[in-house]
Amino acid sequence: MNSVLFKSPLVALFMALFLVTGCASAPAPTTSMNDAALQISDPLEPVNRGIYVFNDALDLFFLEPIARGYKTVLPEQVRKAIHNMLSNLNEPVVFANDLMQWKISDAGTILGRFVINTTVGIVGMFDVAEKMGLEPHDEDFGQTLAVWGVGDGPYLMLPLFGPSNPRDAVGKVVDMVLDPFYWIVRDTDEDTIERASYVRTGVRLIDKRSRLLPVTDDIRRTSVDPYTTVKTMYHQNRLKEISDGETEEHEVPAYDFEFDFEDEE
Amino acid sequence: MLLRYRIVLFAFMMLAFMPTSYAMALSPAENFVKELTDKGITEVVEADVSLEEKRKRFHDLFVKAVDLPSIGRFVLGRYWRKASESDRDGFIRSFKDLTVLTWSDRFDEYSGQRLDFLGTQPAGKKGTQVFVKSRVLQSEGEPVEVIWRVKKKDNGFKIIDIVIEGASMTMTYRNEYASVLQNNGGNVAALSDLLDEKTATFTP
């Protein structure tokens with residue numbers, strides 16, 4: 001069943017977007033920092049805004065209430081165990097991306113984590129490895145592409161998937177096929193395994209959404225333009241994730257813009 | 001979807017500080033942030049007082065620790081220059097009121113998280129600003145990276161930005177407000193009214 005997803009138009013769409021826009025990512029704007037600190041390319045803004053409204057409505061009526069219920073019904077310890085299991089299941093993908101970014105020591109950490117947590121941690125429910133000093137980290141193929149020098153391209157608000165860009169959208173698809181469980185499910189005739197993979201996808205979504213509640217609550221309450229708030233946050237957060245473990249001493253992080261530029265001396 | 005940046009909430013920030021349990025030599029800038037957050041925890045977040053009193057105490061702490069004029073100037077960008085004195089003051093007041101309420105509303109989510117200091121780094125080019133790096137240890141999931149941008153002022157420091165998981169608070173506001181101002185002809189007073197409308201949705 002999952003194979004249907006992979007052959008679906010969704011993938012074709014991502015690929016098309018990538019080919020059309022991804023490779024042609026605009027060079028960094030040369031306007032002075034003062035006038036245009038952190039410009040985010042968004043040529044599709046009218047379309048993106050439309051999709052944002054659609055996503056937001058869907059979220060408001062379905063996903064957010066489910067996430068809130070999930071948080072209310074399940075005690076923190078249970079949610080934590082679920083989150084740990086999901087992270088554990090994703091670690092083969094992190095491992096592959098570590099290798100592709102030539103982060104050998106990080107790959108080793110992840111391998112150790114996966115082995116220890118899957119066994120001692122009982123299918124990943126308990127993050128025993130972290131207590132042994134093997135701290136978790138995240139990598140995805142969008143980040144790997146960035147490390148390889150691929151630009152992000154224009155901002156994209158994807159239906160259902162949320163904020164993205166051509167590079168990160170392609171990354172999502174590649175991460176899916178980097179996941180060994182994807183191939184296990186694809187080649188199985190066992191209904192149980194197939195069902196388990198749907199459960200995993202669903203729970204992963206709810207887990208992510210529930211952990212974002214504080215952020216989205218505040219955006220809903222305080223932002224006078226949530227679309228722009230989400231876009232700016234997504235962009236900055238991705239820059240940070242990409243530069244994790246990359247930033248050289250002399251490199252200036254994205255958040256180090258000149259602050260006093262207007263009329264102060 | 002949005003997962004990786006449970007960023008925003010500066011509120012969420014304020015919930016997250018705790019004295020580090022071990023003694024360590026901290027730089028003056030780090031000490032400033034540490035004392036401020038310690039104070040926020042003991043005298044506001046964990047204090048056994050009404051919500052109203054918490055909001056009041058937090059307001060006073062906030063106004064003292066944060067360089068609101070600098071932030072106002074930065075988040076309004078070029079619109080600041082064109083705004084009248086009273087529009088600037090009005091904006092700063094509206095911005096402050098909304099921020100204080102938002103943060104105050106998050107205090108009851110605090111559950112003893114610890115703030116670890118990870119050193120400092122110069123910020124900007126003028127040599128008067130410093131990034132104080134810290135991380136908040138969560139009960140689940142990866143720690144949240146929080147970077148405080150502070151500016152030397154008079155005999156101490158003032159906060160001018162907070163960067164959570166890479167997202168600068170002032171930059172995020174700047175883009176958000178610029179988007180509104182672009183569409184309303186640069187009317188700062190109208191933007192302040194929008195912020196006041198948001199403020200009014202909080203329970204008194």
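Trainee: How many salt bridges does the rule find across the interface of chain B and chain A?

Mentor: The model is predicted. A salt bridge requires a side-chain nitrogen of Lys or Arg within 4 Å of a carboxyl oxygen of Asp or Glu. Arg149(B) and Asp256(A) meet this criterion, with 3.7 Å from N to O. Across the interface of chain B and chain A, the number of salt bridges found is six.

Trainee: Which helix of chain B gives the largest share of the side that touches chain A?

Mentor: That side of chain B comprises 26 nonpolar, 16 polar and 22 charged residues. Its largest share, nine residues, is supplied by residues 169–183 of chain B, that is, helix α7.

Trainee: What area do chain B and chain A bury between them?

Mentor: The contact involves 64 residues of chain B and 58 residues of chain A. Polar contacts across this interface, with both residues at pLDDT 80 or more, number 18 residue pairs. Carbon and sulfur atoms account for 54% of the buried area, and the total is about 5,500 Å².

Trainee: How many helices and strands does the secondary structure of chain A contain?

Mentor: From the N terminus, the order of elements in chain A is α-α-α-α-α-α-α-α-β-β-α-α-α-α. The secondary structure of chain A therefore amounts, under the DSSP assignment, to twelve helices and two strands.

Trainee: What percentage of the residues in chain A is buried?

Mentor: Chain A exposes about 13,300 Å², with 66% supplied by carbon and sulfur atoms. A residue counts as buried under 20% relative accessible area. Of the 265 residues in chain A, the buried share is 46%.

Conventions: Residues are numbered from 1 along each chain as its sequence is written. Chains are lettered from A and ligands numbered from 1 in the order in which they are written. This is a predicted model: local features need pLDDT of at least 70, side-chain atom pairs count only at pLDDT 80 or more; totals for chains, interfaces and linings use all residues. Side-chain values use heavy atoms; hydrogens and water are left out. Contact means heavy atoms within 4.5 Å. Buried area is the accessible area (1.4 Å probe) that two parts lose on being put together, summed over both. A polar contact is a pair of N or O atoms within 3.5 Å; within protein, one must be able to donate a hydrogen and the other to accept it, and residues adjacent in sequence count only if both atoms are side-chain atoms. Helices (H or I, at least four residues) and strands (E, at least two) are DSSP runs, numbered from the N terminus. Ala, Val, Leu, Ile, Met, Phe, Trp, Tyr, Cys and Pro count as nonpolar, Asp, Glu, Lys and Arg as charged, and the others, Gly among them, as polar. Buried means under 20% relative accessible area, exposed over 50%, partly exposed in between (1.4 Å probe, protein chains only). Accessible areas come from the Shrake-Rupley method with a 1.4 Å probe; for residues, only the protein chains shown count as cover.
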